[in-house]
Amino acid sequence: MKMLWILVFTLFAVPSMGEVFTSMTDMSRLLVTEGEMIRAVENYIVAQEEKLMKLKRDVVEMERIHDEASRSPEAFLGNPINAYLLVKRLTVDWLDLQNIMTDDSTGQAMLNNLTGMASMLRWPDEEDLSGAATALMRLQDTYKLDTSQIASGNILGKKRAYRELTAADCFELGRQSYNGGDHYHTVLWMNEALDRQEMEGNKTVERADILEYLAFSTYMQGNIRQALKLTDELLEERPNHQRAQGNKVYYEEALQQQKTQKRGELGDFMDEDATAVEKEYTISESMGEVEKWQIERQAYERLCRGEGKLSPEMLLKLHCFYKTGPSAYLRLSPVKTEIAHIHPTIYIFHDILADSEISVIKELATPKFKRATVQNYKTGELETASYRISKSSWLKAEDSKTVEKVNQRIEVITGLNMQTAEELQVANYGIGGHYEPHFDYARKGEYTVESDLGLYGNRIATFLYYMSDVDAGGATVFPQLELSLWPKKGTAAFWHNLHPSGEGDTLTRHAACPVLVGTKWVSNKWIHERGQEFRRPCELDPRAL
């Protein structure tokens, strides 16, 4: 209504002598005025109807998606594209809808009612949107996914998304990458947005907006000539764009300077694309450390894709058997055991966790979930980190008979004392959830005598329950061993983190790969040295296995 009153006021805000009624000629002119008023109101109605039609289309689409998601929320959100689009709908898209609804008092009142329910509702924020976008980039890099393939809703042929990404969706992914200083992914997604924008009938984003981000990120990637070309295209769309005008001058000067610097001794020009951007290293880094990180990173991602290969010699030694000790209980109920690796020995125990037990553990853990943390190796403080994305909680034996029984089962199978072990940690991985390569044990200088590690000793072993199947991704990988363990509901992995000498086994460095499709639930028990003196005796020889 506000806009209508503005239109009417504008029409009648013309000086009047107050003498119209004295002449039939003047009275006749009022008909012209009335005609203009009618047209203004009609235009307002058309504009409002267009807004309402857009709202109706949006709501119908949202209802369709919501109904589909409600039938199986876990399966629906197991596709990272669906999960990203849900977060985007409740942030960027919802903001657009609010702007439409605030035009009149009725819409504002409805928004106020919704705001009053804030304590009962969960709204994502900009950090959630950024996290969801970053997760998609992580999946794209780790699993070598093509940008256009992701945009089409296809993740390696697994559970297609409910729709393809629009140009606006791709633009938002590019914008989030740009905000994070990631110009590589900005270029990928802005180019995809540009391609899709050209094919769209109803444009979801303006071409000029895409070009603005794309041009600068292209420059930041070192391609000045292409950045200048894109800036020229932007100025064709928006000739008065001040930033683009300034950038154009800057790029032209940079190109000229580049040509001057590339002139060789004989006056020949080098290939303009032959320049490479050198990586800058901090004082604390050395090329050796960076190379090690790169080698490990490549191995980690390769193993996540299932491209690892154990040596033929190792494969010949691997076998399965029924474990009947050390506990006498196992003689009555042997455990199906698989040797996944030797030196260090990594075991897989099959069918040791029932669905009913998994349900109880999930139910107990979910209300206690908090963002998973890591220990700062300098301060010892717990903090969140981008290299560990999941939520976790801790369950005590007294929380439930099921938890107590699950803990006892670990002691029966491993023969290790659980009295000094940490509580059962339960974790659920979200969009692209992962935990990059790390050690479970603490290295020298990473803990104090007053800490739990100081009181109970280091983490001698890890017992990891898999509480869900994962459609794609989510493997536990050991980069130095060329080993990938794939989650299977009801199984568990077990390995010793320390040599019998008490020294850390560096070969146990492992990682949780990003969940590509589906959801991943695990629970783990970190077992400490104290109490294991007679169960796993110490060896003086540091090379003892």
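Biologist: Is Arg-207 buried, partly exposed or exposed?

Modeller: In this predicted model, residues are numbered from 1 along each chain as its sequence is written. Local features need pLDDT of at least 70, side-chain atom pairs count only at pLDDT 80 or more, totals for chains, interfaces and linings use all residues, and side-chain values use heavy atoms, without hydrogens and water. The relative accessible area of Arg-207 is 21%. Because buried means under 20%, exposed over 50% and partly exposed in between (1.4 Å probe, protein chains only), Arg-207 counts as partly exposed.

Biologist: Which residue forms a salt bridge with Arg-207?

Modeller: A salt bridge places a side-chain nitrogen of Lys or Arg within 4 Å of a carboxyl oxygen of Asp or Glu. For Arg-207, the closest N and O atoms of the pair are 2.8 Å apart, and the partner is Glu-233.

Biologist: How many residues apart are Glu-233 and Arg-207?

Modeller: Glu-233 belongs to helix α11 (residues 224-237) and Arg-207 to helix α10, helices being DSSP runs (H or I, at least four residues) numbered from the N terminus. The pair therefore links distant parts of the chain, with a separation of 26 residues.

Biologist: How far apart are the closest N and O atoms of Lys-405 and Glu-357?

Modeller: These two residues form a salt bridge, and the closest N and O atoms are separated by 3.8 Å. This pair also connects distant parts of the chain, since Lys-405 is in helix α17 (residues 401-414) and Glu-357 in helix α16 (residues 355-365), 48 residues apart. Lys-405 is partly exposed at a relative accessible area of 44%, whereas Glu-357 is buried at 7%. The N to O distance is thus 3.8 Å.

Biologist: Which residues do salt bridges that share partners join into one network?

Modeller: Shared partners bring the individual bridges together into one network. Its members are Lys-88, Asp-93, Arg-163 and Asp-169.

Biologist: What relative accessibility does Lys-88 have?

Modeller: The side chains of Lys-88 and Asp-93 meet in a salt bridge of 3.0 Å, N to O. Asp-93 is partly exposed, at 24% relative accessibility. Lys-88, by contrast, counts as buried, because its relative accessibility is 5%.

Biologist: How many salt bridges does the structure hold?

Modeller: The pairs discussed here include Glu-233 with Arg-207 and Lys-405 with Glu-357. For the structure, the number of salt bridges is 32.

Definitions and conventions. Helix = DSSP H or I, 4+ residues; strand = E, 2+ residues; numbered from the N terminus.
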